[in-house]
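Try each task before you read its solution.

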Amino acid sequence: MRLFALIFLSFSGWIFHNQKDPFETARLKMVEDQIIARGISDPATLKAMRKVPRHLFVPAASISEAYTDGPMIIGYGQTISQPFIVAYMTELSQPERGKKALEIGTGSGYQAAVLAEIVDTVYTIEIVPELARESADRLTRLGYKNIVPKYGDGYKGWPEHAPFDIILVTAAADHIPQPLIDQLAEGGRLVMPVGNPATVQELILVTKRKGKITETRLVPVRFVPLRRLKK
Ligand code: SAH
């Protein structure tokens with residue numbers, strides 16, 4: 001009888017373990033085929049991409065497409081970025097323990113979660129109130145204690161917590177908001193899509209060394225527009 005219970009327990013444990021994340025195989029394949037194959041090699045970034053359950057950040061109706069190679073609609077006219085772009089922006093930001101990050105455009109919360117696996121704290125701002133609430137709830141449910149979300153217009157950054165070692169802007173504008181450049185720490189890195197918000201932009205990396213700003217233009221990308229709250 002005891003042996004039976006033991007077998008039963010280990011069997012149900014096995015089932016539970018395997019049911020815990022039925023998407024793990026798809027996620028590991030995503031990292032191999034979409035991310036490593038395209039040149040991302042930072043071990044911390046790859047580890048975070050292998051860990052964060054992307055399927056829990058997309059609408060339930062499209063959960064089966066969570067690991068496909070593209071952006072996805074998350075409601076309110078917004079999207080969760082393509083996995084490769086999330087990995088690319090993460091790697092470009094040179095995330096490390098000890099660093100503090102700011103993200104503009106929380107959306108689903110996925111990019112914030114990926115960064116939060118690596119850096120100390122992620123501050124993240126979302127302008128659509130429903131998305132801000134949903135992503136904050138999701139991140140709490142998933143146990144991310146080092147993400148500080150807020151509703152608001154990220155154009156002005158978050159001066160109370162500046163300076164930031166990393167600033168990721170995940171919405172497009174025709175210029176880099178000056179407050180974000182001002183809130184970048186010495187040695188910091190800012191990544192943002194800059195160009196025509198209605199069509200195509202370029203991903204730009206901004207670095208600050210001895211107070212001097214350097215901009216590097218990277219790849220063409222397509223992000224939703226950075227909006228402004230009406231005054
Ligand atoms: N990083 C997100 C995807 C971003 S989509 C993710 O991982 O899911 C871009 C997001 O930026 C949208 O949710 C949009 O509502 C938000 N956004 C647009 N303008 C903004 C602004 N001025 N401040 C904060 N968020 C903004």
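**Exercise 1.** State how many salt bridges a search of the whole structure finds.

Step 1: Recall the rule. A salt bridge is a side-chain nitrogen of Lys or Arg within 4 Å of a carboxyl oxygen of Asp or Glu. Step 2: Read off the count. The search finds seven salt bridges. This is a predicted model: local features need pLDDT of at least 70, side-chain atom pairs count only at pLDDT 80 or more, and totals for chains, interfaces and linings use all residues. Residues are numbered from 1 along each chain as its sequence is written, and side-chain values use heavy atoms, leaving out hydrogens and water.

**Exercise 2.** Describe the salt bridge of R27 with D21, and say whether each residue is buried or partly exposed.

Step 1: Take the distance. The closest N and O atoms of R27 and D21 are 2.4 Å apart. Step 2: Apply the cut-offs. Buried means under 20% relative accessible area, exposed over 50%, and partly exposed in between (1.4 Å probe, protein chains only). Step 3: Classify. R27 has 2%, so R27 is buried. D21 has 22%, so D21 is partly exposed.

**Exercise 3.** Find which parts of the chain the salt bridge between R38 and D69 links.

Step 1: Check the contact. The N to O distance between the R38 and D69 side chains is 2.6 Å. Step 2: Locate both ends. R38 sits in the loop between α2 and α3, and D69 in the loop between α3 and β1 (72–75). Helices (H or I, at least four residues) and strands (E, at least two) are DSSP runs, numbered from the N terminus. Step 3: Conclude. The pair links distant parts of the chain, 31 residues apart.
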